[in-house]
Protein chains: 2
Amino acid sequence: MKIALDVMGGDFAPRNPLLGAVGALQSYPDLFLFLVGDQERIAEEFWRHGGRAFGDRVEFVHASQVVPMDAQAIESVRQKRDSSISRCVRLVKEGKADALVSAGHTGAVVAASTILLRTLPGISRAGIATTIPTEQKPFLLIDSGANIDSDPVHLLGYAIMGSIYSREVLHVPNPRVGLLSIGTEDVKGNELTKQAFKLLAQAKINFGGNVEGHDLFEKPVDVVVCDGFVGNVVLKTAESVAKAVMHWLRSELTQNPLRMFGAYLARGAFLSVKQKASYEEYGGALLLGVNGTCIIAHGASTPKAICNAIRIAREAVTQNVNSRIIQEMRRHCEAESENTAASRA
Amino acid sequence: MKIALDVMGGDFAPRNPLLGAVGALQSYPDLFLFLVGDQERIAEEFWRHGGRAFGDRVEFVHASQVVPMDAQAIESVRQKRDSSISRCVRLVKEGKADALVSAGHTGAVVAASTILLRTLPGISRAGIATTIPTEQKPFLLIDSGANIDSDPVHLLGYAIMGSIYSREVLHVPNPRVGLLSIGTEDVKGNELTKQAFKLLAQAKINFGGNVEGHDLFEKPVDVVVCDGFVGNVVLKTAESVAKAVMHWLRSELTQNPLRMFGAYLARGAFLSVKQKASYEEYGGALLLGVNGTCIIAHGASTPKAICNAIRIAREAVTQNVNSRIIQEMRRHCEAESENTAASRA
């Protein structure tokens, strides 16, 4: 298993990607990593961070450019052809790497992957599938920001791809798919969701109808489908609220010594929620629908998060997620044309 | 001050609206209430719940129908012409009541108010302005679900109306307005937000640019503008996450006796956050842009929430929110036509 790691991507690059690489090499004996970035600098740091033991399982790939966080996504692909992101994508395109992992500029990773790798047959737009933790079970949110102005056919693709990913990588049998809307009845929603509802209801997926913001964390389905604008807002709002509630509680808990003592006794509970709800455990989001395996890690990724992102990449490759998507889309298109033929006859 | 209260609306009607009415009559000596609903039933309950002291400050208005929570919004206005919601709206339209308060079917309240009262001059669509608590300060989210498929001009109206409401009723000097999007730069967003950004940047408001889901609860602006679909999803997601985090913590805190004891000592902190973050304090959301004052209370409203919704209605009327909106829109249209004339000359 060969994976290209963007060592220059993320808020704590190159340190955290390199530490994550060392962790992953320790955990997965069959793993080979392309470490992509400013070769001189990253090689020196890699050796220093314990990489020496894995010298024969890595290859440094030089990239002379880095995509800054405020860059325009599509322009970055054209203007920074030697960026660490584009280099990683090209390693996948050339068949040298089985997958790529980057904690860099999300838009740039999406743009480079879509432009250089193209989408899978039957898929018109790629979508980011993010795993979101809840008390009961994690759910998959797709699209959480790859494709901003979506049409109903894109959402259908997300539903089919999300089901496959949930089943094959997250091991959910017969995953239930919900369409994010503003009421549970099929007539509730905007033009996009009303049209998408009809397509999802006819598709060969376990479609549970519309889900509301209320349901997301209280009665979670397995896969939540929405357009990239709404998904991105929901993802960031949810993170923001969770952080804000914990911060608010902490302020209240430090108001007097009695509360502080109580919080000290109960600290295990706070740590447990914090850990279980951490994005680190899920490592990264899969960009579903491109002809290659591409994992987008959190910008603030810790070494553990990078290591888990590499794990997700391995599983997506091992489980042949892309081949299954191609099969499923072919089956869907055949069923579609049979239906059309039948209705004409 | 005369207010029409939909006594049949909400999950705990008629009990909670009636108890809220008693509370408001106690708090505001100048208040007169039209109690709208199944006259025989509500009169009997009102007297029983302590209403007897206020017999000369209420009038029971009979409504033979109730809009069920699963009704179609627009159909409900046509088919249930004698619903408690429509009766309340008509009392405002006829000038008998200064404002109405309902915890009933939100869509039906919006539809009845828009159809029967019409929108204010210069305003093409009404929007729901919901006050959302954060640790630092509450912010206003508009539109949180009145108008699902919006265009950029609707968002401009929300920005202007939200600024006025924030200044006049929530007493925020020079409120800062943010446009909800998926990146802070003006070029980030979907077609709707990119177009709206240009309009908002030219309007006479304190426009702070795009805000992201991340910022909402961590660096809140005073007014957050978005279309009704996104606003409704954000509102419900935020409620759901906050509830889920508290529930998750509670489960962890009851895992062993030590944690339980700690939580008991620190219980004041939990209660404080719960109380400060409660929708009850804010009572209800104002439907901004209709020619009348209409407060939409939470479906699960407690008596306190109803009482606070009546307080909000009073303030909106006292502060002449609607006259100010008309003035501001007139000024905006004049500036617009001057600009157009200047650019033609």
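Predicted model: local features only at pLDDT ≥ 70, side-chain atom pairs only at ≥ 80, totals over all residues.
Figure 1. Because the two residues stand four apart in helix 12 (residues 303-318) of chain A, about one helical turn separates Arg311(A) from Glu315(A).

Figure 2. Glu75(A) and Arg78(A) meet through their side chains in a salt bridge, with a distance of 4.0 Å from N to O. Both belong to helix 3 (residues 73-79) of chain A, where they are three residues apart, so that about one helical turn lies between Glu75(A) and Arg78(A). Glu75(A) counts as partly exposed at 32% relative accessibility, whereas Arg78(A), at 58%, counts as exposed.

Figure 3. In chain B, Asp30(B) is joined to Arg314(B) by a salt bridge whose closest N and O atoms are 2.6 Å apart. Asp30(B) sits in the loop between helix 1 (15-27) and strand 2 (32-37), while Arg314(B) belongs to helix 12 (residues 303-318), so the pair ties together parts of chain B that are 284 residues apart in sequence.

**Figure 4. A salt-bridge network in chain A.** Five residues, Arg167(A), Glu168(A), Arg324(A), Glu328(A) and Arg331(A), are linked in a network of salt bridges. Over all chains, the structure holds 31 salt bridges.

**Figure 5. The contact between chain B and chain A.** Chain B contributes 57 residues to the contact, and chain A contributes 57 residues as well. Together the two chains bury about 5200 Å², of which 70% is on carbon and sulfur atoms. Of the area that chain B buries against chain A, 15% comes from Glu135(B), Phe229(B) and Trp248(B), which is more than any other three residues supply.

Figure 6. Four salt bridges are found across the interface of chain B and chain A, and one of the salt bridges in the structure pairs Glu212(A) with Lys236(B), with the closest N and O atoms 2.2 Å apart. The interface also has 24 residue pairs in polar contact, both residues being at pLDDT 80 or more. On the side of chain B that touches chain A, at least two residues each come from helix 7 (191-202), helix 8 (213-218), helix 9 (228-253), helix 10 (257-265) and helix 11 (267-276) of chain B. Among the elements of chain B, helix 9 gives the most to this side, with 22 residues. Sorted by class, the side of chain B that touches chain A has 28 nonpolar, 16 polar and 13 charged residues.

**Figure 7. The axis that relates the two chains.** The same surface serves both copies, since 100% of the contact residues of chain B recur in chain A.

Notes:
Residues numbered from 1 in each chain as written. Chains lettered and ligands numbered in written order. Heavy atoms only, no water. Contact = heavy atoms within 4.5 Å. Buried area = accessible area lost by both parts, 1.4 Å probe. Polar contact = N/O pair within 3.5 Å; in protein donor to acceptor, adjacent residues only side chain to side chain. Nonpolar A, V, L, I, M, F, W, Y, C, P; charged D, E, K, R; others polar. Buried < 20%, exposed > 50% of the residue type's maximum accessible area, 1.4 Å probe, protein only.
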